[in-house]
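Please find below a colleague's note on the structure shown here.

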Amino acid sequence: MSLEPKLFVVSAVLGWLLGSSGVLSGESAGPGSQKRGVTVADAISMARIVGTPYPYISPKNGFAVFSPDGEHFAIVVAKGNLRHNTNDYSLLVFRSADIFHNATTKTLATFHCSSNRAGISEVKWLDDNNTILFLGSVGADPSQLYSIQYESRKLKRLTNHRTSLVSYGVSPKGEKIVYAADKPEKPLTDDEVLHYGFDVGSEGLSDLVRERISNYEPEVFLKRAGSLGDKGLRTQGRFDSGVNDLSVSPDGRYLLLKTDTDKLPDNWRQYNDQDIQLVLRRRVTENSSTRILHYELINLGTRKSEMLIDAPTSYSSADVLWSPDSKSVLLCGTYLPLDVEDPAELQARRTNKFVVEIRLDTGALTKITNEDLKPLRWNPQTNIVQFSSRTRPGQGEGSPEMLYYQRAGVLWQRLASVPRFRNHTQPQILVEEDLNIPPQIVAVDPETKRKTTLLTLNPKASQLAFGHEEVIQWTTNGGATMSGGLYLPPDYVAGKRYPFVIQTHGFEAHRFWIDGPYMSAFAARPLASRGIAVLQLNDIFYDTLDTPQEIDRVTSAYDSAVDYLDKKGIIDPSRVGLIGFSRTCLYVKYVLTHSARHFAAALVSDGIDAGYSQYFLFYGANPILASDFEAIIGGPPFGASLSLWLKNSPGFLLDKVETPLQIEAIGPQSILGEWQWFEGLRRLGKPVDMLFLPRGTHVLVKPWEQMASQQRTVDWFCFWLKGEEDPNPKKAGQYARWRKFRGPADSLLYE
């Protein structure tokens, strides 16, 4: 495939008007609309913004990457292409001075990616204000590092690594590049193994079955301009956390990164941090990953590494900023060491994360603030640093607050007014969206607050009947307040009772979600367009994760949601379905085996279930999950605690399942993990079906796999909740299987 940039036309003008009053008060979305309903294909082909390490999560802000002089900024957008089974990524550049007048888009490159990687990501400008670096994947090729010139559009591949790059850092002029790349899989079978066999240790069962050993810890390499070979860098901790930031100092001497703390120091137990307390509850085995991070500093000349600060840090990205002279570094969202005697200071350090400056020569630490900030730029002339406040899930769509701190000597002070220096007025580039307003990119003048629409991502969205979504709140039997987003069909009629599906695993009150929080299994608006009410529920209770209370709370949450909407006269309580994904597969399976309520259908996709077979499947390759199960159930499945497994582990109670269950397995480990439920329910004559996506990722990326998953969701619930079948002859086999599951009572639901 040619790497020449291709034209990507994006419309910049769209207006639509969607109702904002509540449907619970009786307002209808309006039958007779000329718009058509939303399909799974619409959800997959929707353009989205790329700006996080994860290709499936769209950011609200911080995705626009400005050139050092502030005169241009780059944005990456992507959309699924069902015809070619690719995700099409485009790198767009705007002139800052034009956006409030006659903004034009310059498309530098478009990559059509058929792998599970992002086609274009990790965009950075060099100091020449003309060169842009990014990670790119063309077709099914591994992700590599590319450069492209803004003026000439000249594209160049800078690496030719045998595996995909996952992240990189670069000095301002590009003379030193550090990158992390996947470790290659290691074949298990060779002549010696065929002769003598293989001594099994900590390998995962799915790897042994495939005869290939996977290693998910990336390797880190140093690349110097003009040099022939790339040198490997060794870190003290594992660099496999999912926070893959690599920060090179301006002088190119140092690399700062976050690595895993394999063994928690005893005094770290004193931090009032839910992640640390979670690790302690898990009783993680020695030498396994804790997912508690710390900062590691590597001298790129000597390649020696040291811990920068004896304290854990946050799990967020983009929270490091080097001083222009490379003599110190700012860290945002880090705890501080507990080596102080003052009781008040000790308590503050136990409970708060801070923004701090650390001097490299002396190790001296200066506190700046305990606010939750993201560093943006450091002015070398004035020593003024610009920060933005971090927005968290559930917060509104407003612009992040800009804050300014100035260093005077060794101390820092917050400035009461916005300072005047070059580029301080560069526009804020944000996503504007809400529950019923599809996302568009807007620019805001930080001084006048003037706002303009910069880019409308999906002009054709105005042709779709999305229906209405609104926030609802209710109280569980235990007195807890729950919230979620209720999607109603586009032709909703007050007083009519609708079939109902609960989607799990999170809710954000200011996000426009067409399918749900992830692209695996969830299909909220396509279901609503087929006449099914959908509740997107926030059911992850972090304060009771990895305790026996975790799974009990969700039973009450689901039951109370059905009761609440039943009392409102919106749903038919005899036609209720559940969707679980990842961790919430455990919740759905627990409810199916422990709740007194009958659910008409359920679907689980690629998740854990605290089952006996999964316990052993995961123990070698992922001891964290095995520890999870012990903490949730109350002990290991041996001896005195075996009775707790017989009572609480859903897999031991398959005889209690009366709900038709669709299982979605993604990849070899997933199908092994789901086999207990699939084969067990089949052995008991229970209604169960399984869809296997052998090469998908946990969160599906490829359009064909997304279509297979989400359309199966729509078909499954339309069949069991409404008695409807898709006439597509290619689906005849699935309906023939499902009809065999039906009992006499099922047909009465649809009369």
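1. An open sheet is built from 4 strands in the order S25-S26-S27-S28, with antiparallel pairing. Strand S25 (373–379) and strand S28 (411–414) each have a single partner strand and stand at the edges, so one side of each lacks a neighbour in the sheet. On average, neighbouring strands of this sheet are turned by 30° against each other, direction ignored. Strands here are DSSP runs of E with at least two residues, helices are runs of H or I with at least four residues, and both are numbered from the N terminus. Two strands count as paired if DSSP finds at least two bridges between them. Angles, on a scale from 0 to 180 degrees, are taken between N-to-C directions of axes, which are lines fitted to C-alpha atoms (for helices over the stretch in contact).

2. Within that sheet, 6 bridges pair S25 with strand S26 (residues 384–389) in the antiparallel sense. Asn 379 stands opposite Ile 384 in S26.

3. The model is predicted: local features need pLDDT of at least 70 and side-chain atom pairs count only at pLDDT 80 or more, whereas totals for chains, interfaces and linings use all residues. Residues are numbered from 1 along each chain as its sequence is written, and side-chain values use heavy atoms, with hydrogens and water left out.

4. The average pLDDT (the predictor's confidence in each residue, from 0 to 100) is 89 for the protein, and 91% of the residues score at least 70. Over residues 1–30 pLDDT stays under 50, and the model has 66 contacts beyond four places in sequence for this stretch; a contact means heavy atoms within 4.5 Å. Where pLDDT is low, the predicted coordinates should not be read in detail.

5. Another open sheet of 4 strands has the order S17-S18-S19-S20 and antiparallel pairing. Its edges are strand S17 (246–248) and strand S20 (305–307), each with a single partner strand, so one side of each is left without a neighbour in the sheet. S17 and strand S18 (residues 254–260) run antiparallel and are joined by 3 bridges. Val 248 has Leu 255 in S18 as its bridge partner.

6. The count of salt bridges (a side-chain nitrogen of Lys or Arg within 4 Å of a carboxyl oxygen of Asp or Glu) comes to 42. One of them joins the side chains of Glu 433 and Lys 60, at 3.5 Å from N to O. Glu 433 lies in strand S29 (residues 428–434) and Lys 60 in the loop between strand S2 (48–50) and strand S3 (65–66), so the pair ties together parts 373 residues apart in sequence.
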